[in-house]
Amino acid sequence: MANGHDNVLSVTLQDDQPRIEAGGFDGFLRDEYRGLVQFLRRRTATEQDAEDAAQESLTRLLRYKESEPASAWKPLLYRIATNVANDQSRIVVTHRTDKHVSLENQEVAAEAPTPEQQAVRDQEIARLTRAILQLPPKCQRVYLLKRMHDLSRAQIAKRCGISVKMVEKHLATALVQLRRRVGDEASGAF
């Protein structure tokens, strides 16, 4: 005790030690949480960021629960908290998260097919088009109303002035003839 500070420090540590031991590590975390959030609030952008940093700091402190004495928890916690706040600041700067634009509702272009894939696809479409044009007129009309306009069978029946059963018959006929003319390899196109 060269000066009065040593005496104050030892009294403070002695005063804290029983309090920490009484509540244990969990009590220490509960006691420090509000003060830690206030400490971090000055170093983070929002209250939520401060609370997130406090949670992260407390989680990291768990690693030292057994290896460090209770008297070291508080300075260690605030050192960890400072590092967490600095990490958050670096992430904001390097990732520029505030400048990000959400692509959630945007259409993203699919990978373009190769010229060979496109040529094969064009040939399949040409064969399917010819096959559709070769269907009987009523069968062709029912098929196109279903596939191109996505009408229900009842809507097609009403529009064509025929029964739903006839619509189903025309659709079945169309599918059989298209598969026979185009082949099963393009059956996904039907």
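This is a predicted model: local features need pLDDT of at least 70, side-chain atom pairs count only at pLDDT 80 or more; totals for chains, interfaces and linings use all residues.
The protein chain has seven helices and zero strands, so to read it along the sequence is to follow the pattern α-α-α-α-α-α-α. Of its 190 residues, 26% are buried, and the accessible surface comes to about 13,500 Å², with 52% of that area belonging to carbon and sulfur atoms. If we take the contacts with a separation of 6 or more, 52% of them are between residues 24 or more positions apart.

Now to the aromatic residues, where the count comes to four pairs, with ring centres within 6.5 Å as the criterion. In one of these pairs, the ring centres of Phe 28 and Trp 73 are 5.5 Å apart and the planes stand at 55 degrees, which is why the pair is classed as tilted. Because Phe 28 sits in helix H1, residues 4–41, and Trp 73 in helix H3, residues 70–95, this pair ties together parts of the chain that are 45 residues apart in sequence. Trp 73, with a relative accessibility of 7%, also counts as buried, since the cut-off is under 20%. The pair of Phe 39 and Tyr 78 has its ring centres 4.9 Å apart and its planes at 75 degrees, so here the arrangement is edge-to-face. This pair, too, links distant parts of the chain, with Phe 39 in helix H1 and Tyr 78 in helix H3, 39 residues apart, and both Phe 39 and Tyr 78 are buried.

Two packed helices are described by the angle between their axes and the distance between the axes. For helix H6, residues 153–160, and helix H7, residues 164–182, the axes come within 8 Å and cross at roughly 105 degrees, which makes H6 roughly perpendicular to H7, as angles of 65 to 115 degrees are classed that way. On the H6 side the contact involves Arg 153, Ala 154, Ile 156 and Ala 157, and these meet Val 164, Val 167, Glu 168 and Leu 171 in H7. Sorted by class, this contact holds six nonpolar residues, no polar ones and two charged ones.

Notes
Residues are numbered from 1 along each chain as its sequence is written. Side-chain values use heavy atoms; hydrogens and water are left out. Axes are lines fitted to C-alpha atoms, for helices over the stretch in contact, and angles run from 0 to 180 degrees between N-to-C directions. Helices (H or I, at least four residues) and strands (E, at least two) are DSSP runs, numbered from the N terminus. Angles under 35 degrees count as roughly parallel, over 145 as roughly antiparallel, 65 to 115 as roughly perpendicular and the rest as oblique. Contact means heavy atoms within 4.5 Å. Ala, Val, Leu, Ile, Met, Phe, Trp, Tyr, Cys and Pro count as nonpolar, Asp, Glu, Lys and Arg as charged, and the others, Gly among them, as polar. Buried means under 20% relative accessible area, exposed over 50%, partly exposed in between (1.4 Å probe, protein chains only). Accessible areas come from the Shrake-Rupley method with a 1.4 Å probe; for residues, only the protein chains shown count as cover. Rings of Phe, Tyr and Trp (its six-membered ring) pair if their centres lie within 6.5 Å; planes under 30 degrees apart count as stacked, over 60 as edge-to-face and the rest as tilted.
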